[in-house]
Amino acid sequence: MTELTRRRFTAGALAATGILAAPAVARGKGKPRLVVIGGGPAGATVAKYVAKDSQGAIDVTMVEPLASFTTCFHSNLFLGGFKGWEQITHPYKLASYGVTHVRQMATGIDRDKREVTLADGTKLAYDRLVVAPGIDLKFDSVPGWSEAAAEVMPHAWKPGPQMQLLKAQLDALEDGATIVMVAPPNPYRCPPGPYERASCMAHVLKAKGHTQSRIVIIDPKDRFSKMAAFQEGWQKHYPGMIEWMDPKMHGGLKSVDPAAMTVTTDLETIKADLVNVIPAQMAGRIAREAGLVNETGYCPIDATNMRSKLDPNIYVLGDAAIAGAMPKSAFAANSQAKVVAMMVRGELAGARTFPARYANTCWSVIETDDTIKVGGRYEAKDGAIAEVEGFVSKPGEDAATRRQTSEENIGWYSGITADIFG
Amino acid sequence: MTRSGGIAVLAVLAAQVAAADALRIGDRELGEYLSSECVTCHQLSGRYDGIPSIVGWPPDSFIAILTDYREKRRENPVMRSIAVKFTDEEIAALAAYFGSMAPTTGSLAPKTD
């Protein structure tokens, strides 16, 4: 028997007796290793909580090219002039918890070898992998539009220069301007986001004294999140400015033309001064290429713990995951992250685990001191994450309630960003 | 017989006292996990930016207030939905966890509204 064979035999015998329960032992490399792909609300929260609570028992590496993260949530407040760019940008402070932040793009996952490949060719071995790449945009979902066309007709649906471009375009508009927003089909990141964005655009136009400008929303959906409260708020604060069109009204989006700045539906061709195209979406590339998605383009997970249904060594959470009744929101991603962190610590360090609890709230600004919210509590039920308690702001709420909700929104942002990044 | 029976009774009593203590004091480890949900909004530092601090509260106040949300005697729908599925043990665990911490900034007085 050669050394290699004997070792294999021994390992096999140990495995057969159940001694090789811990993957770290099986890999023979000392501390168990967690690799986290993505430093957004999902990934950064998992990395922080596993490192913080395992107190060095688990080796935690977060793969994220950025040194600081600009949040999608509250980026509409930047657009509306309520917040500065620096107020929605957060440097990572996770090293103090023991997280190793590798500032590279993850380019591949070898699920058989349990290795992540980085852009420079480095390979990171893992015992458990967290995949939290967020969404990718389907640039081909809107005829006439493309990644290049997004430099003229921005999506601004990912943090960064696209949002700065959209704001520059918005701020340059003169009275009488026409804005067209192409809203996305379900499921997409931040369900109330397009409608909060329209509100924040209207806030800017109103503040500049515009009386003739208008915002047309071409929507492939016949309803949207917090619809009644949004529509009431639009009438109240921006009468006649925001026109929402469902498919029955516009008959379907035919195409956009970035050169002519037009948007054509079955009903009409609109000449616009600003076009914001928010296209259809799917799980981030690395999740798709690693075979972690199903036919929906998103990743199926076990509702009790966010483990991939396609690979027991991988957890997928945040916008890339199919989280049932939970929306694709930062709050939801952060909530799922705490479940994943607990489960990972249970698997790799023998920590106690408890039944998963999930929660979400999404606040949306309509106007200064007028913020609405939707949210709920969720748990695993019949194989999916189901809502067990929900709430939504109603039309007709008094000013004090809306003002309090505005304060809550600001307070939540401080809380969640401290929780994720600091 | 009587004596060993007495010991058994004492053991049962001791177990009951321990269980009652656990409920009153709360399971800190469970509280730590559950608390991760709270700190999404309520900052661990005790800082107030629009959402009240819950760090360093007396456990009795904490239990009373969270129970009021669970029973829908308090208004905020976010807190109602957070509290809806909490058991008494879980509320006690949270009270123990947050009660054991000192705020690093801000005020620690629970709000009464």
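**Reading burial, helix faces and sheets**

Author: A:C72 is partly exposed, with a relative accessible area of 26%. Buried means under 20%, exposed over 50%, and partly exposed lies in between (1.4 Å probe, protein chains only). This is a predicted model, where local features need pLDDT of at least 70, side-chain atom pairs count only at pLDDT 80 or more, and totals for chains, interfaces and linings use all residues. Residues are numbered from 1 along each chain as its sequence is written, chains are lettered from A and ligands numbered from 1 in the order in which they are written, and side-chain values use heavy atoms, leaving out hydrogens and water.

Reader: Which residues of helix 7 of chain A are buried?

Author: Helices are DSSP runs (H or I, at least four residues), and strands are too (E, at least two), numbered from the N terminus. In helix 7 (residues 227–237) of chain A, the buried ones are A:A229, A:F230, A:G233, A:W234 and A:H237. They lie on the same side of helix 7 of chain A because their arc around the axis is only 135 degrees, taken from the directions from the helix axis to the C-beta atoms. The face turned away from that buried side carries the exposed A:Q235 and A:K236.

Reader: What is the strand order of the open sheet of five strands?

Author: Two strands pair if DSSP finds at least two bridges between them. Here the order is 5-2-1-9-20 (chain A), with parallel pairing.
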